[in-house]
Amino acid sequence: LKALQQAGITYASPAQAIGSARAVCTCLDHGEPGLELVQDVKHRNPGFNMDNAAQFAVISAKYYCPQHL
């Protein structure tokens, strides 16, 4: 959560942010390509632009599934 705050990414609920981060890893585990994943993150978070979505995906992978980096 601190990494998200440092990146300027806000969230309404810590639990939802963590759940979304874990969902990123689930998508990666199932072979979803990176660009498609970033587009999905953006679609599910209307306040995100592509840069925010990409940052969220990278931060998620860094902490929850670093094998995908």
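Select C25 to begin: this cysteine is buried, with a relative accessible area of 6%, where buried means under 20%, exposed over 50% and partly exposed in between (1.4 Å probe, protein chains only). The model is predicted, so local features need pLDDT of at least 70 and side-chain atom pairs count only at pLDDT 80 or more, while totals for chains, interfaces and linings use all residues. Residues are numbered from 1 along each chain as its sequence is written, and side-chain values use heavy atoms, with hydrogens and water left out.

A disulfide (a pair of cysteine sulfur atoms within 2.5 Å) joins C25 to C65, with an S to S distance of 2.1 Å. The pair links distant parts of the chain, since C25 lies in helix α2 and C65 in the segment after α4, 40 residues apart.

Now move to C27, which takes part in no disulfide; the nearest cysteine sulfur, that of C25, is 9.2 Å away. C27 is found in helix α2 and counts as partly exposed at 25% relative accessibility. Neighbours within four places in sequence aside, C27 is in contact (heavy atoms within 4.5 Å) with E32 and L37. The C-alpha atoms of C27 and L37 are separated by 7.2 Å, although these residues are ten apart along the chain.

Display the whole of α2 (14-29). Helices here are DSSP runs (H or I, at least four residues), numbered from the N terminus. The buried residues of α2 are A17, A21, V24, C25 and L28. They cover an arc of only 95 degrees around the axis, which puts them on the same side of α2; the arc is that of the directions from the helix axis to the C-beta atoms. On the other side of α2, A15 and Q16 are exposed. The cover over the buried residues of α2 includes α1, α3 and α4. Just after this helix, G31 takes a positive phi of about 85 degrees.

Finish at α4. The 15 residues of α4 (residues 50-64) should span 21 Å at 1.5 Å a residue, and the end C-alpha atoms are 21 Å apart, which agrees; the expected span is 1.5 Å times one less than the number of residues. At the N-terminal end, N49 caps α4, with a side-chain oxygen 3.0 Å from the backbone nitrogen of D51. Buried residues of α4 include N52, F56 and I59.

Notes. Helices (H or I, at least four residues) and strands (E, at least two) are DSSP runs, numbered from the N terminus. A polar contact is a pair of N or O atoms within 3.5 Å; within protein, one must be able to donate a hydrogen and the other to accept it, and residues adjacent in sequence count only if both atoms are side-chain atoms.
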